[in-house]
Amino acid sequence: MAKPKKKKATTKTVTADDAAALLEKAAYKEAIDAYKQLLKQEQRPEWQEALGKAYFKRAEELAAKGMYKEATVLWENRASLCQQETEVGDYLIWLLKGNRLLRAINVFTKHQPQLSKELSDKLTVYIAALLLTQPAKTQTEILQALPENSLISQHLPFAQQAITAYCTQDDNSLEEALKKISFRSPYRDLRSILKALSLLATAPEEATTLLERIPTDSPFHSFAALLKNTTLEKNDLINYLYQKTTPAYAFTFLTTVLGFKKEIIKKIQILQKLSNNNPKELFHFAINHLAGEDKALAHSFAYSLMPFLNETEFPTYEKIFGRLPFFDRYRIIALQYEQQRGSLLSVIEAWEECIESLQDNDPPIPEQPLKLARIIKRFVDLICRDEGEEEAFYTVVPYLEELVDLDPTDKEGYLKILALTSGNRSNSKLYYEWVDKTIAQFPQDKDALFEAMKAATKKKAFKKAVGYANTLLKIDPINRDAQNVLFQSHLAHARKQIKAKRYHLVRKELDFAMQVEQRIQQKDLLATLEALLAFSQEDTEKATDYLQQAMALSQSNLSGQMLIVMEAKQVNIEPAALQKLLLKQSKKPGFLGILSASNKQLSANFLEPPKPTNDDILKLCKRINHYRQNGIKWTVKVVEELNNWLAKSTKKLSFSENELIEICETFFQLPHYDLLKLFSMRGLDEKNSHFPMFAYYTIYAVYYKKHYLDDKTYSLLDYALTVAVQRGDEKAKISLLKLQRMTDPLTAFLPPPQKTNILAKLLTEFMSLLEKLEAGRATQSDERELQRISKEILEITDDIPPDIKPLIESLASEDSG
Amino acid sequence: MKSPFQILDVAQDADDETIKKAYLQKVKAHPPSRDPENFQQIREAYELIETKKKRIDYQLFNQPMPTVEDLLPHLLANMGEPQRPTEDLLKTTLAESLNDYQFK
């Protein structure tokens with residue numbers, strides 16, 4: 001087949017404007033072509049000048065890229081085509097950098113008078129230095145090209161003699177040669193350098209001073225700077241040499257001058273090639289390149305690296321350094337699993353081996369109890385981090401009990417037990433027992449006092465709570481929690497006395513509360529209690545006045561009504577009776593209008609409030625949280641009365657994500673599943689940053705309302721979990737995982753007692769190994785593991801669903817061979 | 001990286017008091033106003049080992065991974081005697097350093 005004919009490039013006729021535009025926009029290569037074309041048509045001086053400019057600019061561009069030879073050719077083209085021989089200095093530099101030394105000398109000799117003195121001096125020194133590095137033949141050619149009286153020609157032999165003398169350790173000849181190099185010599189800086197080099201071993205400080213004298217703009221400066229590294233501190237020097245950016249020539253020169261042994265140079269070079277501090281590579285470096293000469297160093301280095309490797313490196317380690325003691329081995333294994341984020345069970349098992357090993361010491365080693373306590377604390381933290389504190393309760397509390405037994409000064413351990421037991425209703429007895437133990441151990445500690453105060457309030461042991469609060473205030477006079485407890489305790493007493501109709505005592509308590517209130521800022525609560533006292537004493541006018549004050553201070557009708565209802569019910573007064581007083585008042589002229597215009601009865605206890613704002617709903621949430629936190633369990637019943645009204649009246653409100661989260665958390669904690677679902681569904685938009693958390697609230701509400709999840713909700717759970725993981729939303733991830741475990745038909749059969757978490761984990765591992773086995777991917781060790789897990793499951797529980805029980809039994813009974 | 005014991009110049013089995021004394025001496029020598037970088041390092045070292053519990057935690061769990069930088073100084077322990085280079089090496093190095101020179 002015949003070759004297709006090359007198309008002839010169609011050359012567009014260039015105009016002067018085109019060429020000028022190319023020059024203007026710094027397209028020098030194209031501008032050169034354009035002006036050449038124009039000059040073919042007509043020789044105009046301005047085009048010639050423009051061509052010269054384009055040539056020079058293009059040459060500069062190439063020189064900036066290190067293409068010195070190409071730059072010199074363009075400069076020469078300009079000289080011949082445009083008769084422009086300016087910028088000789090640049091041309092000379094490019095010639096020297098492009099290694100066209102002889103041409104450079106000729107140009108330099110011819111044009112030296114046109115150059116600035118500064119550049120001329122620099123070029124002289126540079127040529128002089130460069131000449132020293134040339135082979136003898138080139139040197140001779142260059143010397144012939146230089147004028148006879150040139151300082152370079154005159155001083156080159158002295159410089160050469162000095163270098164030879166220095167390198168051959170002939171210091172007398174060196175001194176002699178250096179004396180011949182005068183102050184005016186282009187080798188003046190070399191003189192300082194050679195002198196410094198000769199002093200390196202005997203007077204390093206003097207050598208440094210000499211090297212520092214070399215001016216920064218001298219061509220010898222880079223060489224002097226390199227030599228200065230020889231005077232660095234050892235660590236800095238070695239770090240400099242180890243840097244991948246250190247030029248190879250600098251590395252070779254320095255390691256030679258400093259007398260590095262070949263083996264050390266080799267080691268540094270190997271280390272340079274390793275990935276950035278990869279533990280496995282460093283470990284093998286220690287084994288292969290250090291252990292032979294310095295076993296102790298290799299040993300300590302490899303040992304410190306072991307926690308960052310995996311179990312497969314044990315044989316290599318032990319082959320060289322001997323068997324690791326049992327405790328060390330398992331400490332390292334535990335840390336390795338932690339590093340690799342391995343299964344929690346494996347980590348705990350390894351730490352438990354360490355504990356057993358410590359306990360086997362007879363006699364015990366020094367600080368044994370403390371070491372045991374710290375290890376227990378370690379895996380308690382890991383369990384809590386992995387499972388979430390609430391979930392970890394059953395596993396962790398017994399460990400914590402052991403921990404504080406071993407180390408009674410571990411306040412954190414006590415506080416952790418309190419934190420874990422306080423939220424668990426079925427363990428309130430345990431909680432109060434541990435509060436007593438904590439305060440007995442740390443009677444003057446702020447945190448312990450706070451916990452004791454909180455527990456006493458929860459138990460409604462107000463006298464005790466006030467006692468703790470007062471002790472705490474002695475240690476920390478501005479402690480707001482203690483002030484709050486004092487305030488709440490006085491109010492609680494006041495409520496008790498209202499019920500007991502001991503009104504003079506109510507007055508006393510309210511007066512005490514008022515003194516504390518200055519710092520607490522709960523005037524609305526105080527006004528409500530005053531109203532209830534007046535109402536109980538049948539002073540309706542005063543009661544109405546205080547009720548109005550309470551409503552106004554609440555700054556929200558909804559929150560105000562909630563306050564009055566909750567307080568009235570606590571002292572056995574019907575809220576409806578108080579409503580009547582307010583209604584009567586609202587019809588009077590001049591009333592502030594805090595109640596709605598309709599004044600319709602919303603429920604047994606509430607009058608219909610005006611259309612709520614976002615702020616109203618958030619204030620209501622705060623009120624609900626306050627009563628829930630104060631242990632008033634029937635708060636949820638009062639909220640139930642608002643359920644339908646809230647659903648309707650908030651339809652048109654638009655909440656921010658953070659507001660919605662605050663509202664959801666209120667109904668989640670209460671808990672009120674309808675309202676939780678109502679508000680959480682409003683956040684179910686994937687674009688929301690809290691989407692996984694809104695999904696969690698929604699699914700949680702559905703599950704607790706219906707006790708099962710349909711496929712659609714399951715899919716939402718899976719999807720939300722994926723999003724939570726992708727976004728690194730730890731809180732949502734842990735919550736959703738917990739929900740997944742809870743709603744999973746496979747694990748849902750498990751009873752709640754102590755071993756639930758372990759069982760759930762075993763089953764998860766069981767399922768994953770079974771999948772591997774079914775897919776034909778299981779190794780022998782997987783099969784052994786499957787058998788071990790099956791046995792363990794059977795040991796823990798009999799209550800296994802019939803569809804998987806036979807399988808687990810058969811796997812457990814299989815011969816391990 | 002130096003261990004906190006090395007930074008504070010104390011033995012591995014030093015007690016609270018010795019460590020505190022060493023820490024205060026170091027802080028005196030490297031006050032935060034004059035030598036913030038060293039002070040920070042000293043402070044961090046002290047926080048890691050100031051109590052018995054912290055020392056046990058450090059020894060059991062918190063030892064950092066050693067790096068090349070920890071190893072390099074050991075390599076210099078057996079450094080040889082300074083030597084003079086050959087003429088060739090000196091001239092080659094000079095030539096290379098001239099390549100780096102910028103006239104402007």
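This is a predicted model: local features need pLDDT of at least 70, side-chain atom pairs count only at pLDDT 80 or more; totals for chains, interfaces and linings use all residues.

Reader: What is the pLDDT over residues 589–597 of chain A, and how many contacts beyond four places in sequence does the model have for them?

Author: Over residues 589–597 of chain A the pLDDT stays under 50, and the model has 18 contacts beyond four places in sequence for this stretch. Residues 749–756 of chain A also stay under 50, with 14 such contacts. Chain A as a whole averages a pLDDT of 86, and 91% of its residues score at least 70.

Reader: Why is the pair B:Lys53 and A:Asp407 called a salt bridge?

Author: The closest N and O atoms of B:Lys53 and A:Asp407 are 3.0 Å apart, and the cut-off for a Lys nitrogen and an Asp carboxyl oxygen is 4 Å, so the pair qualifies as a salt bridge. Between chain A and chain B the count is 3 salt bridges, and 17 residue pairs, both at pLDDT 80 or more, are in polar contact. On the side of chain A that touches chain B, the largest share, 7 residues, comes from α7(A), and the residues of that side divide into 40 nonpolar, 15 polar and 15 charged.

Reader: What area do chain A and chain B bury between them, and which three residues of chain A supply more of its part than any other three?

Author: The two chains bury about 5700 Å² between them, 70% of it on carbon and sulfur atoms. Of the area that chain A buries against chain B, A:Phe223, A:Tyr249 and A:Arg374 supply 11%, more than any other three residues.

Definitions and conventions:
Residues are numbered from 1 along each chain as its sequence is written. Chains are lettered from A and ligands numbered from 1 in the order in which they are written. Side-chain values use heavy atoms; hydrogens and water are left out. pLDDT is the predictor's confidence in each residue, from 0 to 100. Contact means heavy atoms within 4.5 Å. Buried area is the accessible area (1.4 Å probe) that two parts lose on being put together, summed over both. A salt bridge is a side-chain nitrogen of Lys or Arg within 4 Å of a carboxyl oxygen of Asp or Glu. A polar contact is a pair of N or O atoms within 3.5 Å; within protein, one must be able to donate a hydrogen and the other to accept it, and residues adjacent in sequence count only if both atoms are side-chain atoms. Helices (H or I, at least four residues) and strands (E, at least two) are DSSP runs, numbered from the N terminus. Ala, Val, Leu, Ile, Met, Phe, Trp, Tyr, Cys and Pro count as nonpolar, Asp, Glu, Lys and Arg as charged, and the others, Gly among them, as polar.
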